[in-house]
Every structure is written in structure tokens, then in C-alpha cells.
Amino acid sequence: MFTLAQISDPHLGAHTSLFRRNFDAVLEHLIVEPPDMIIATGDVSLDGADSEADMAFAAQSLARLPRPAHALPGNHDVGDHPERAPRQPCNAERLARFRRHFGADRWVIDHGGWRLLGLNTQICGTDPTEEAAQAGLIDDALAGLGERRLAVFLHKPIFTTTPEDSLFDYWSVPPFARGPFLPLLQHPALRLVACGHLHLFAEASHANARMVWAPSIGFIVAEAEQPGLAGSRPCGYLLHRFHADHVETELVTPPGMERPFIHEVRAEAYPNSSLLNSATHVG
């Protein structure tokens, strides 16, 4: 067995103390009980999509963790589909900034009879070259899987209802860009799909796998801003225990965690945004 801490959506910024107390509470907890691995499933920065300082501060913060953090980008790190985020579309400049500070934005890690596959959901539907490279990574990862079990980590969930839903919204991978992910969802070795982005904790089953939504370390989103999305709304992280053929997941809420609502601090978090009342800056 090995343990893996999934931290998500800390939204750390260089010029504000917002959400830092929660990150420090998680940091202290992980130092006392360090897992074998740490994965950060996106939105590590408050506004790294436009701020070099925020990206650098987020990288410096994750470097304080007791294990190297394998990070994936979120919409606040590298932007999003241009129809969802016209002010911050995911592009080559934003991807390069993330890679300078965190390394690869998609990766394969083999550990203890498992293959951990980290994918970049922000490129979906935005850049054919990047999408093709990621599709190739998925194909290669499955072709060389052998007897390993498979766990997939992402920022956005592939879907929020069913893989076939046609809803193109802020919360999941665009339906027209899900094709490369379908072989993963259909693979018999898949046991876990773990994402962030929704600022919710929820679990569901899909074939032999469990679908898990990690809460945010930083803040929560009011139910009125997430119609149709059900789950609990803590701030914390997930501890995954990997066994030979299954994964157990525990929600961890260290002492001292605050539960700020984004609508209460949005103006402080994004003072220069013209979209303060838009879902572009929800989570």
C-alpha cells in the first residue's frame, strides 16, 4: 500500500494573504503525517494565467511541502477555452509560464503496481497540437500499462453527469473534446479518476472506477453559483490509500481551516477583473 495526498485549488497569490492560512494548515498537517506522494490538481495560483509573480509564489509554496508535488494546471494557472474565458484563453504563453515553474503539465508516474496519469484539461478544445500530443501520451500510457492498475488525475472533471452529456459549461471538459479521454474511462484497469476545480467533495462510481472530486484548499463556492452540482463544501484535501486493486479515499480537514466563500472575497482576490460577477472567476 502507498498513500497519496491530493491537494487542489489553493489559489495562492503573491500580493494577498487570502487563502494562505488554509494552505499553511494543510502544510503543517502533511509535515506531521507525510504521505508517500503529493499531487496538486490545478489552480495552484490565484492568477498565474496573467501573473508571473503569482505563479512563482505558488511554486515556492508547493516547494515547502514534505514531498515533491506533481502539479497539473488549472484555469487560473493557464487559462481556459476561449468561449469560457475570453479574457484568459489557454495559449502557448500561459502554458510556457506554468512549465517554467512546475515542469511538465502532463505526466505518467509508475509506483507500486499502479500507473498514475496526470492530464491537462485546459488545452481541451483550444490547441490541436497540444491535444494531439496529450492523446499520444494517453495511447502510450495504456499500451504500456501491463498488469498495473490505473489512476487518472485532472483539474476539470471529464464530465459532471455522464460521459455522453452535451453540456458545454464552465465546470467540465467540453463535450466535443472528450474523445481522447474515453479509452481511459472504458479501460478495465481504471480504478480512480480524481479531479479538482469544482470546490466540492463528492464520490461516484463508473464501471470499476471511482470518480472523486477534491475540495479546494482555498475557498468554497455557494450552491447558487453551481446549479446542479451536488456534494459537500469543506476546505481540505484528499488522502488516497492505494491497495493492490482498489483505492480508499479520505477527506482530511486539518484544524484551523477556514471556509471563505468566493463571493465574499472575489473583489479582493481579483481587484483588476472586469468580470467580478462572472463564473470566469468562480473556481
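Visitor: Which residue in β7 stands opposite Ala151?
Guide: Ala151 stands opposite Leu192 in β7. The model is predicted, so local features need pLDDT of at least 70 and side-chain atom pairs count only at pLDDT 80 or more, while totals for chains, interfaces and linings use all residues. Residues are numbered from 1 along each chain as its sequence is written, and side-chain values use heavy atoms, with hydrogens and water left out.

Visitor: In which sense do β6 and β7 pair?
Guide: Strand β6 (residues 149–153) and strand β7 (residues 190–195) are paired in the parallel sense, over 4 bridges. Two strands count as paired if DSSP finds at least two bridges between them. Strands are DSSP runs of E with at least two residues, helices are runs of H or I with at least four, and both are numbered from the N terminus.

Visitor: What is the strand order in the open sheet?
Guide: The order of the 6 strands is β4-β5-β6-β7-β9-β8, and the pairing is mixed. Because β4 (107–111) and β8 (202–206) stand at the edges with a single partner strand each, one side of each has no neighbour in the sheet. From one strand to the next, the twist averages 15 degrees.

Visitor: Which strands does α5 lie across?
Guide: Helix α5 (residues 128–143) lies across β4, β5 (114–118) and β6, and runs at about 175 degrees to β5. Such angles run from 0 to 180 degrees between N-to-C directions, with axes as lines fitted to C-alpha atoms, for helices over the stretch in contact; contact means heavy atoms within 4.5 Å.

Visitor: Changing topic, how many salt bridges are there?
Guide: The count comes to 20 salt bridges, each being a side-chain nitrogen of Lys or Arg within 4 Å of a carboxyl oxygen of Asp or Glu.

Visitor: What about Asp50 and Arg94: how far apart are the closest N and O atoms?
Guide: In the salt bridge of Asp50 with Arg94, those atoms are 2.6 Å apart. The pair links distant parts of the chain, with Asp50 in the loop between β2 and α2 and Arg94 in helix α4, 44 residues apart.

Visitor: Is Arg94 buried or exposed?
Guide: Arg94 is buried, at a relative accessible area of 9%. Buried means under 20% relative accessible area, exposed over 50%, and partly exposed in between (1.4 Å probe, protein chains only). Asp50 is partly exposed at 37%.

Visitor: Which residue does Asp245 meet in a salt bridge?
Guide: The side chain of Asp245 meets that of Arg191 at 3.2 Å, N to O. Arg191 belongs to strand β7, whereas Asp245 lies in the loop between β10 (237–242) and β11 (247–252), 54 residues apart.
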